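The entries below follow the order in which I looked things up.

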Amino acid sequence: MTRPTAQAVPPPPPAEITFSGHQSVNPLGQAGFRALCSQLPAVLRRICVMAWRIDRRAVVLLLVCQLVTGVSAAALLTATARAMGPLLGSGAVGDRLRDALPALAVVAAASGVARASVALATYAERRITPRLTTETDCALVEAVCRVEAAAYAVDGFADRQEAAEMGVMRTHVMVTDAQRFMAALIRMVTACGVLSVLNPLMLPLLLLAVAPAGAGAVLTARVDYEIHYANIADRTVRGMTRWWATTPKYADEVRANGMTDYILYWYRALSERVDRRSLSAAPRTLRIALLSSLAGGAFLVLTWVALAWLTASGRIAPSVAATAVIAVQTTLAALSQVVMNGAAVFHTSLYLSDMQAFLDDAAARAPRRGGTEVGSPVEEIRLEEVSYHYPGKEKPAVDGVSLTLRRGEILAVVGVNGSGKSTLTRLVTGIHLADKGRVTWDGVDLADADPASVWRCTGLVPQIFAQWPLRVRENVTLGQPRGAGDDEVWESVDAVGMREAVEGLPAGLDTLLAREIFGGAELSGGQWQRLACSRALYRRPPLLILDEPTSQMDPRGEHGIFERIKAIAGDRITIVVTHRLENTKIADHIVVLEEGRITEHGTYDGLVHAGGSFADLLRLSQER
Ligand SMILES: Nc1ncnc2c1ncn2[C@@H]1O[C@H](COP(=O)(O)OP(=O)(O)OP(=O)(O)O)[C@@H](O)[C@H]1O
């Protein structure tokens, strides 16, 4: 990496970002070991329920395979014990083999069945996993898209979303881990059963040998999760930095402003901070691994010594001892699988809990409004003493605003940066609901209205608009395709003076507007803005809102757009937010906002001669 040059001022380290409130507490910080272990059955049940919704037949197949695995493991060990008698007994080799043959045939058959059931289980798991991942991923995206817009401003919302993404990623391995855990558990229980039949003393010794490994794996998973939790905020910022730094959209700004070194330094610094936290956990995980291995090893030695003593003292026959050796090995192999996959399932459960908590939180933040349908066209929108506070902000962004908008009228909203203009448009469209006062559409309070019916009636050109990586046609029709034919699309393209530019593209309306993708084309900033305007016009909305719609356009483009707005204003309510006060001449009335309050309200001529803020701002713009 190229570090900033020596003479340059070194960049400050990236800010430590933390969020406050109950969400900043690691939910597992207080949970004890037993509580953590006891989560496993619930998690397995949950995975099973999730998989059941996806593919019942595959789940049944998976469960049957587990059962077959258990039965064949028991048959294998019992037959092995039976075969050991003749094989280790006295007599001619041929006779001993003949005597052992039926049991050996059972061993071979049981091994074959066990392998076949593993293959079938893998097939069933592969039928479930991709669809399970898609389902959870789509559920997460939908939950985020459907929350009240105000949720985005809530502290820690993005961090919890990042934590939930991890839950989606874990669904890739979740079913495999659960299936392997169950199969190994069944193998282990079967082997333990056989072992305790051979000699009851062996079982407790074996369990003691394996318990420390289990405890060690769960404790390590807990440390890993703790680190993951501490790193969430840095990982979110790092992910955003990565996108902003590498997307071609901002490549000019990054290069021409000499940001590259700084961003790379920042990106690396964030990564190193994440690494430092991970490394700080290494001694703890080493201690856990060493102690659990030491305890496990000591108990295992005890198990072998006990077996040797039982055989040497004649308490068990050599054939039983040989079977016991196989049973111990089988149990240990199964146990390491149980521990490994159990820890993975346990780990998954932590991320699934995060995902579920986020989905629950998002569901609780979904719009809780009435179901009253708003009719079209809208004749009158009234704001009565409306106020709105963003979460965590001291001052309201909009404060006690009263206003009436009528069909056929154009309202211009002006004011300095941060005076609340965009927030006012969010309140008029019901994107945010007022904290105090009310907004009504033809008498229907937006708090009681079905938001979908409201948004069917709105068209918005926001200040920062999306440049969709779609074809030109979809960039115009997105959200409201209107059936066959392109006539209406061309009409909207014409309305913003884009016909020539679109016809000049390699595939006209079919051109993909994504420079990064093969065959894609790119538009200029002003052309993108014209397309955003044509999108709103195509909707022919009863309420048209344009927030700085011409900020990137040339004078001809700007003139054309405002002429068009005037021409179609008769059928709708129109709101224009603008800093170019000359443009407010087309408005029937103008409001000036200051710190969220209306300080002036009138016509262009009236306000020019009123000697207030409007006249002041107009004079400043003309003096340049
Ligand atoms: N999503 C948000 N979360 C929190 N605060 C916000 C959010 N959007 C705006 N604000 C705050 O609300 C206040 C009003 O912002 P708003 O965007 O409505 O102003 P504006 O008049 O449209 O400004 P501009 O002329 O710069 O576009 C500002 O103090 C701003 O910091």
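**Ligand shell.** I started with the ligand and found 13 residues around it, the closest being Tyr390, Ala397, Asn417, Ser422 and Thr423. I counted a residue as near a molecule if its C-beta atom, placed from the backbone, lies within 6 Å of it. Helix α10 (residues 421-428) gives the largest share of this shell, three residues. By type I noted three nonpolar, eight polar and two charged residues in the shell.

**Ground rules.** The model is predicted, and local features need pLDDT of at least 70, side-chain atom pairs count only at pLDDT 80 or more, and totals for chains, interfaces and linings use all residues. Residues are numbered from 1 along each chain as its sequence is written.

**Overall.** I noted 18 helices and ten strands in the protein. These are DSSP runs, numbered from the N terminus (helices H or I, at least four residues; strands E, at least two). The radius of gyration is 35 Å, whereas a compact globule of 624 residues would come near 25 Å. That radius is taken over C-alpha atoms, and the globule rule is 2.2 Å times the number of residues to the power 0.38. Along the principal axes, the C-alpha atoms fill a box of roughly 120 × 60 × 50 Å. Buried residues are 35% of the 624. Here buried is 20 or more other C-beta atoms within 10 Å of the residue's own, exposed is 12 or fewer, and partly exposed is in between, with C-beta atoms placed from the backbone.

**Open sheet.** In what order do the six strands of the open sheet run? I read β6-β7-β8-β3-β9-β10, with mixed pairing. The edge strands, β6 (458-461) and β10, each pair on one side only. The twist averages 15 degrees from one strand to the next. Strands pair if DSSP finds at least two bridges between them. Helix α15 (residues 525-538) lies across β6 and β7, at about 175 degrees to β6. Axes are lines fitted to C-alpha atoms, for helices over the stretch in contact (C-beta atoms placed from the backbone, within 7 Å). The angles run from 0 to 180 degrees between N-to-C directions.

**Around β9.** I followed β9 (residues 589-594) to β3 (residues 410-415) and found parallel pairing over five bridges. Leu411 stands opposite His589 of β9. With β10 (residues 597-602), β9 pairs in the antiparallel sense, also over five bridges. There Val592 has Glu600 as its bridge partner. β9 and β10 form a hairpin with two residues between them, and Glu595 in the turn has a positive phi of about 50 degrees.

Most residues other than glycine have a negative phi, and most peptide bonds are trans. I listed the exceptions. The bond from Ser376 to Pro377 is cis, with omega near 0 degrees; Pro377 sits in the loop between α9 (318-364) and β1 (380-388). Glu385, in strand β1, has a positive phi of about 50 degrees. Is Glu385 buried or exposed? Glu385 counts as exposed because it has 12 C-beta neighbours inside 10 Å. Glu548, in the loop between β7 (543-547) and α16 (555-568), also has a positive phi, near 50 degrees. Glu548 has 19 such neighbours inside 10 Å, so it counts as partly exposed.

Definitions and conventions:
Contact = placed C-beta atoms within 7 Å. Nonpolar A, V, L, I, M, F, W, Y, C, P; charged D, E, K, R; others polar.
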